[in-house]
Amino acid sequence: MIPLSDEALPWAQNISFAGIFVLFFLHGLRLPRQEVARAMLGWRLQGTMLAFTFLLMPLFGIGLSRIAAQFLPASLAAGLLYAAILPSTVQSAVSYTSLARGNIAASVIGSALSNLSGIFLTPLLFALLLGSASGAAVGGNVVVKIITMLLLPFVIGQAMQKWFGKWAADQRYLLTFFDRGVILLAVYVAFGAAVTSGALAGIDGLSLVYLLFFAGIFLGIAFGAAWMIGGALGFSHDDRISLLFAGAHKSIAIGAPMAALLFPPTLAGLMIVPTILYHQLQLIASAPLAKRLARD
């Protein structure tokens, strides 16, 4: 990791913020309004997905982060809770639902609705659960950032969908590349600032081992709970698969840019480490799990 100098950091942040604005504008262009309307029709499954993502997962995160705080630096333990309040990821949730022969349409709609709701609910949950504990104050400036950097471009994208929506759909691969570039830039700026400030110096090998352990436990709890809840509510096998992946997966695509807005630069790098590890573990664990479910 190449650290950012004090002079370069503001420039890198401004470039990152510009990328985040464009990223959410493109999300607004690409998410058809019809999908949101269709999502409302399957209210029982979609409501369960949202409740699992933004109610049960944060509750699990509160308990796990309090246990993890006995073994990890406070910022890393808080980072586990930050991962818990993020929305679902779209691409991997849909891909693994397809691999498992689940309800693909429900996963598409559910994960899209989760990302849309996350623009509002993640900052709200952050203010309720992490505002004081993380050391990041939730003041008017943060609210303005959330509105102008996430909500405003998304709304503009939705409004301009009539004219540019088809173009965005045709440029899927190019825009996917741009998405990943913005995510990598947000992660780099966060980590670069943390390296420059010395914030990462306190993370030793043992802390990373503990963090990997707790992230793995968290993922196991999420998968197990999603599957059992789906069964308890009488969902079909296909719908349970959709709930499993769309409910338990967490989005680094939302987590990294939002961390850049919610946390000071020196803290953002630490806060997203648990999300990065969780995201990698969910990809590793989901492949064999999806193949196993496809055979049932």
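A residue counts as exposed when its relative accessible area is over 50%. In this predicted model, L128 has a relative accessible area of 63%, so L128 is exposed. L128 is placed in helix 6, which covers residues 104-130.

A search of the whole structure finds eight aromatic pairs. One of them joins Y82 and F263, whose ring centres are 5.2 Å apart; their planes stand at 80°, so this pair is edge-to-face. Y82 lies in helix 4 (residues 74-84), while F263 lies in the loop between helix 12 (252-262) and helix 13 (265-271). The two residues are 181 residues apart, and their pair links distant parts of the chain. Both Y82 and F263 are buried. F263 also pairs with F126: the ring centres are 5.3 Å apart and the planes are at 80°, so this pair too is edge-to-face. Elsewhere among the aromatic residues, ring pairs connect F71, Y210, F213 and F214 into a cluster.

Helix 4, where Y82 is found, is mostly covered, with 10 of its 11 residues buried. The buried residues of helix 4 are S75, L76, A77, A78, G79, L80, L81, Y82, A83 and A84.

Helix 11 is another mostly covered helix: 10 of its 12 residues are buried. Among them are D239, R240, I241 and S242, as well as L243, L244 and F245. How far apart should the ends of helix 11 be at 1.5 Å a residue? The 12 residues of this helix, 237-248, should span 16 Å, and the end C-alpha atoms are 16 Å apart, which agrees. R240, one of the buried residues of helix 11, has its charged end over the ring of W227, 4.0 Å from the ring centre.

Charge also matters in a contact of another kind. Side chains of opposite charge can pair when their charged atoms come close. The count of salt bridges in the model comes to one. Which side chains meet in a salt bridge? They are those of K166 and D170, with a distance of 3.0 Å from N to O. Both residues lie in helix 8 (residues 161-170), four residues apart, or about one turn of the helix. An α-helix has 3.6 residues a turn, so residues three or four places apart point the same way. K166 and D170 are both exposed.

The last stop is a residue in a loop. Most residues other than glycine have a negative phi. R101 has a positive phi, near 60°, and is a residue other than glycine. R101 is located in the loop between helix 5 (90-99) and helix 6. Is R101 buried or exposed? Its relative accessibility is 62%, so R101 counts as exposed.

Key:
Residues numbered from 1 in each chain as written. Predicted model: local features only at pLDDT ≥ 70, side-chain atom pairs only at ≥ 80, totals over all residues. Heavy atoms only, no water. Expected span 1.5 Å × (residues − 1). Buried < 20%, exposed > 50% of the residue type's maximum accessible area, 1.4 Å probe, protein only. Phe/Tyr/Trp six-rings, centres within 6.5 Å; stacked < 30°, edge-to-face > 60°. Lys NZ or Arg CZ within 6 Å of the ring centre and 35° of its normal. Salt bridge = Lys/Arg side-chain N within 4 Å of Asp/Glu carboxyl O.
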